[in-house]
Amino acid sequence: MNGTVYKSTGSWYTVKSSDGEFYECRIKGKFRTQGIKSTNPVAVGDHVEFHLENIGDETVGVISKIGERKNYIVRRSVKLSKQTHIIASNLDQVFLLVTLNNPPTFTSFIDRFLVTAEAYHIPVVLLFNKMDVYSEEDKYEVDYLMDLYRKIGYTCIQIEAKQGKNVDKVKDLMIGNTSMFAGHSGVGKSTLVNALEPGLKLKTAEISEQHMQGQHTTTFAEMYDLSFDARIIDTPGIKGFGIVDMEKYEIGDYFPEFFKLKSECKFNNCLHLDEPKCAVKEALEHDEVAASRYRSYVQMLTGEEDNPYRER
């Protein structure tokens, strides 16, 4: 039988078969020894082959094959680990929710996420949420960030998930697609999903006053079919986002504004650090490349550990 993985709890997988039935499945042991460096060999969004087996009174699915992935989004599983964790696969787009405060989303986090998505050919839409609670100064900062990312080529939308403002714009982009919602805990992912599809009633969490961080309400990634011909993958809140398996010389290629300038650098293997006649450094001096983007790039290049609460 063929199906798509809708939920993963680490050892069990909920698979929707091609005839629309849901089955609880396990994987064959050998998947764990096939040289997959990932902590989870099967991810939400994977297309799989499985068969049914009777174990006692229960009928259980056994996944025997994972189909080729169109793309996937991956992060380091834990800070010191060389292993990776595949968050989801076969995505048409990702919506990254950004909040200026309660909790803060810094550009270093946004840029790491965007670089990873670029590397795996996944379009990202930036959603600036909680516009209804910002001061005038905060709104000015959001306008600045939206202008910065739009110039690079990213779609940016201001939303108020709780009030439902601009939720229709998000909905329009979702029709016919599989979309993932990502961001720190507390940025409003579940609130937005509930605004898009009130019947789902996903758990939402209050912000922890002590740390100004969200409480984790989503433990595992899970895909949902929506009533308007769309699928969403709701993910656990991501605190840090370390980039994975990238060579130093590749990283600049995943900054679209750097990649455009690359051919103008004197050296074709320019790392945009101390090399003479570097087009990216020249653009930076003329404010044609954002200082925050360049800072993020240098942090990634030097392997500085990702601290999601670093200065913007």
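I began with the rings: my search of the whole structure found nine aromatic pairs, where rings of Phe, Tyr and Trp (its six-membered ring) pair if their centres lie within 6.5 Å. I then looked at Tyr-23 and Phe-50, whose ring centres are 5.5 Å apart with planes at 50°, so this pair is tilted; under 30 degrees would be stacked and over 60 edge-to-face. Tyr-23 sits in strand 3 (residues 22–27) and Phe-50 in strand 4 (residues 47–55), so the pair ties together parts 27 residues apart in sequence. Strands here are DSSP runs of E, at least two residues, and helices are runs of H or I, at least four, numbered from the N terminus.

A note on the source: this is a predicted model, with local features needing pLDDT of at least 70 and side-chain atom pairs counting only at 80 or more, while totals for chains, interfaces and linings use all residues. Residues are numbered from 1 along each chain as its sequence is written, and side-chain values use heavy atoms, leaving out hydrogens and water.

I also noted one aromatic cluster, formed by Phe-255, Phe-258, Tyr-294 and Tyr-297.

Next, Glu-197: I found this residue in the loop between helix 4 (189–196) and strand 12 (207–208). What lies 2.5 Å from a polar atom of its side chain? I found the backbone nitrogen of Ser-227 there. Glu-197 touches Asp-225, Leu-226 and Ser-227, not counting residues up to four places away in sequence (contact means heavy atoms within 4.5 Å).

Definitions and conventions:
A polar contact is a pair of N or O atoms within 3.5 Å; within protein, one must be able to donate a hydrogen and the other to accept it, and residues adjacent in sequence count only if both atoms are side-chain atoms.
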